[in-house]
Amino acid sequence: MADPVEHPADQPPCPSMRGDGLLPPELRAWMLLLAATGAVEQELRSVVKGNLDVSHDEFLVLCLLAEQPKEGLRMTRIAELLGRPKTRLTYQIACLQHAGLVTRKSVCGDKRGIEVALTDKATQLLREASESLAETVKRALTKVMGAEQRDALYGLVPGLAGE
């Protein structure tokens with residue numbers, strides 16, 4: 001039996017896209033974003049594991065750090081941005097550090113503060129995998145969203161218009 005995800009035209013649209021139910025537009029939009037996020041995460045998991053050999057959650061940490069200055073981010077800020085408990089993040093950072101992908105250092109003047117930054121190895125891996133990862137995101141979004149919804153995302157996801 002063919003995988004239904006490979007043939008999105010054969011699938012019914014996301015229920016929140018119909019707009020004839022009880023939900024106001026803001027909640028319908030939120031449900032669509034949740035569906036899109038879920039589709040992207042599901043597709044990214046295997047690509048991330050194959051290209052970077054890290055878990056999806058560890059990949060999210062790397063992505064946050066990739067958009068930061070060379071100094072990195074404090075662990076409390078990473079936990080806040082990802083909505084993760086600090087204890088779980090500590091484990092993920094330890095795994096990334098063991099793999100040689102991040103460094104940890106104490107924040108000057110703060111005994112408890114820990115700053116995390118990408119290593120050159122992680123920077124190179126992300127550069128090499130970025131095209132494949134971007135294509136995976138675009139493919140996942142086109143399976144969940146119709147043309148009108150993709151139009152709304154063009155400003156946030158460069159290159160989506162090319163699909």
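Helix α3, covering residues 75-82, packs against helix α4, covering residues 86-98, at an angle of about 110° in this predicted model. The axes of the two helices lie 10 Å apart. Angles from 65 to 115 degrees count as roughly perpendicular, so α3 is roughly perpendicular to α4. As for handedness, the crossing of α3 and α4 is right-handed.

Which residues in α3 and α4 meet? On the α3 side they are Met75, Thr76, Ile78 and Ala79. Their partners in α4 are Lys86, Leu89, Thr90 and Ile93. Sorted by class, the contact of α3 with α4 has five nonpolar residues, along with two polar ones and one charged one.

Stepping back to the whole chain, the protein has six helices and three strands. Follow the sequence along and these elements come in the pattern α-α-β-α-α-β-β-α-α.

The protein has 163 residues, and buried ones make up 34% of them. Its accessible surface comes to about 10400 Å². Carbon and sulfur atoms account for 56% of that surface.

Notes: Residues are numbered from 1 along each chain as its sequence is written. This is a predicted model: local features need pLDDT of at least 70, side-chain atom pairs count only at pLDDT 80 or more; totals for chains, interfaces and linings use all residues. Side-chain values use heavy atoms; hydrogens and water are left out. Axes are lines fitted to C-alpha atoms, for helices over the stretch in contact, and angles run from 0 to 180 degrees between N-to-C directions. Helices (H or I, at least four residues) and strands (E, at least two) are DSSP runs, numbered from the N terminus. Angles under 35 degrees count as roughly parallel, over 145 as roughly antiparallel, 65 to 115 as roughly perpendicular and the rest as oblique. A crossing is left-handed if the near helix is turned anticlockwise from the far one by less than a right angle, and right-handed if clockwise. Contact means heavy atoms within 4.5 Å. Ala, Val, Leu, Ile, Met, Phe, Trp, Tyr, Cys and Pro count as nonpolar, Asp, Glu, Lys and Arg as charged, and the others, Gly among them, as polar. Buried means under 20% relative accessible area, exposed over 50%, partly exposed in between (1.4 Å probe, protein chains only). Accessible areas come from the Shrake-Rupley method with a 1.4 Å probe; for residues, only the protein chains shown count as cover.
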